[in-house]
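Keep the viewer open as you read.

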Amino acid sequence: MNPAAPLLPDTGEPGFGVYVHWPFCAAKCPYCDFNSHVRHQPVDQPRFTAAFLREMEVMRQLSGPKTVTSIFLGGGTPSLMDPATVAAILDGISSYWHVPDGIEITMEANPSSVEATRFRGYRSAGVNRVSLGVQALNDTDLRFLGRLHDVADALKAIGLAREIFPRMSFDLIYARPGQTVEAWEAELKQAISYAVDHLSLYQLTIEEGTPFFGLHKAGKLIVPDGDQSALLYEATQEITEAHGMPAYEVSNHAKPGAESRHNLTYWRYGDYAGIGPGAHGRLTRGRNKIATATERRPETWLEQVESIGHGMLDQEILDDEEQADELLLMGLRLREGVDLARWQQLSRRDPDPVREERLLEHGFIERLGNSRLRCTPSGMLILDAVVADLAC
């Protein structure tokens, strides 16, 4: 692959993505329920790299020949990988699938693990987009969120990313305890001034199994209620829209043309190979789609791959109805909406006219011609309920 090649434009098609999960972090954040693990001894990167390559071979057998439209290195904290590890993984993907020059290759990074030499090494390996886990732009809330960086580290990382990579995004978490709409508006405007073309803006959610869950259950952690969260969400939409970075998905905002190609593959219900501990995938075989899931514990995954060639625990065949439900669930997250013809082909039915009419009357959904259906801004506030209603 040619790192200097210009990024290819979005074709509007679902595409085929490759996701590689690096499961290690320097510390576990108290809100995080992702498959991430802290190790106090150095990780054997060459051994894990060899395992990634072995599992890729099995995924290639499942997927058949494909042209890759995006690659995403997620975690965990992929920026804890050596640049040589990243280069070997990307070379492996190129050896199993066709990887054209100019596709989007994203790496997640934490500001606390960023150095200019490592960033330049990732860029030389082929990474052309970085996604930074900034999460907040004040030090008090960064400490509350368990982050290892401070605002100065975050701004340094943003500056390096803007200098080194063609595209850059960063994440913020809002609806934090005690956060007012005014405070969030000021922080969001500050973030937009640092952003290049993409922001991911997530409401804080309390996930079972995390330290925050226990604190919340005990009444020691109070998050904004539904009404306050709705006000924060609405302010987010208004400010990003006014600054030319509208939402193209529930939590993701971009200048037109700068949307994440890889995430669009998920939301457009394309195929993707999931490689590494705890990775999930969707691979089409004939009329069926295979849902894959791998062992979450890194060392157990490693031993299984070395023993039998892959770490998969599950290969579930999704029937047409299950695929239709997933297509609806993912597609309605997008501002462009869901392809109705594709949904009708899978579900073998039309949307229930009574349910659709009720949602239309309440202003929660709208038709885009005869071909697409999407949620309105007010519908996005109750997205799960809208999906459940339409899927019945």
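Strands here are DSSP runs of E with at least two residues, and helices are runs of H or I with at least four, both numbered from the N terminus. By that rule Gln135 sits in strand β6, which covers residues 129-135. Keep in mind that this is a predicted model.

As a rule, most residues other than glycine have a negative phi, and most peptide bonds are trans. Which residues go against the phi part of that? Gln135 does, with a positive phi near 75°, and so does Ala175, which has a phi of about 60° without being a glycine. Ala175 belongs to the loop that runs between β7 (167-174) and α6 (181-194).

Are these two buried or exposed? Buried means under 20% relative accessible area. Gln135 counts as buried because its relative accessibility is 8%, and Ala175 counts as buried because its value is 1%.

There's also a peptide bond to look at: the one from Gly75 to Gly76 is cis, with omega near 25°. Gly76 is in the loop between β4 (70-75) and α2 (83-96), which leads on to the helices.

| Helix | Number of residues | First to last C-alpha | Expected at 1.5 Å a residue |
|---|---|---|---|
| α2 | 14 residues | 20 Å | 20 Å |
| α11 | twelve residues | 16 Å | 16 Å |

Take α2 to begin with. Its buried residues are Thr85, Val86, Ile89, Leu90, Gly92 and Ile93. Looking down the axis of α2, these buried residues fall within an arc of 155°, so they line one face of the helix. On the other side of α2 you'll find Ala84, Asp91 and Ser95, which are exposed. What do the buried residues of α2 pack against? Their partners are β1 (16-22), α1 (45-63), β4, β5 (104-109) and α3 (116-125).

Now jump to α11, which spans residues 320-331. At the start of α11, a side-chain oxygen of Asp319 comes to within 3.2 Å of the backbone nitrogen of Glu321. Further along, the buried residues of α11 are Asp320, Gln323, Ala324, Glu326, Leu327, Leu328 and Gly331.

**What the record says**

UniProt, in an unreviewed entry, lists residues 10-246 as "domain: Radical SAM core". In this model, residues 10-246 are 43% helix and 19% strand, and the end C-alpha atoms of that span lie 17 Å apart.

Note on methods: Residues are numbered from 1 along each chain as its sequence is written. This is a predicted model: local features need pLDDT of at least 70, side-chain atom pairs count only at pLDDT 80 or more; totals for chains, interfaces and linings use all residues. Side-chain values use heavy atoms; hydrogens and water are left out. Buried means under 20% relative accessible area, exposed over 50%, partly exposed in between (1.4 Å probe, protein chains only). The expected span of a helix is 1.5 Å times one less than its number of residues. A polar contact is a pair of N or O atoms within 3.5 Å; within protein, one must be able to donate a hydrogen and the other to accept it, and residues adjacent in sequence count only if both atoms are side-chain atoms. UniProt positions are given in the numbering used here, feature names are shortened, and annotations may be inferred rather than shown by experiment. The arc is that of the directions from the helix axis to the C-beta atoms. Contact means heavy atoms within 4.5 Å.
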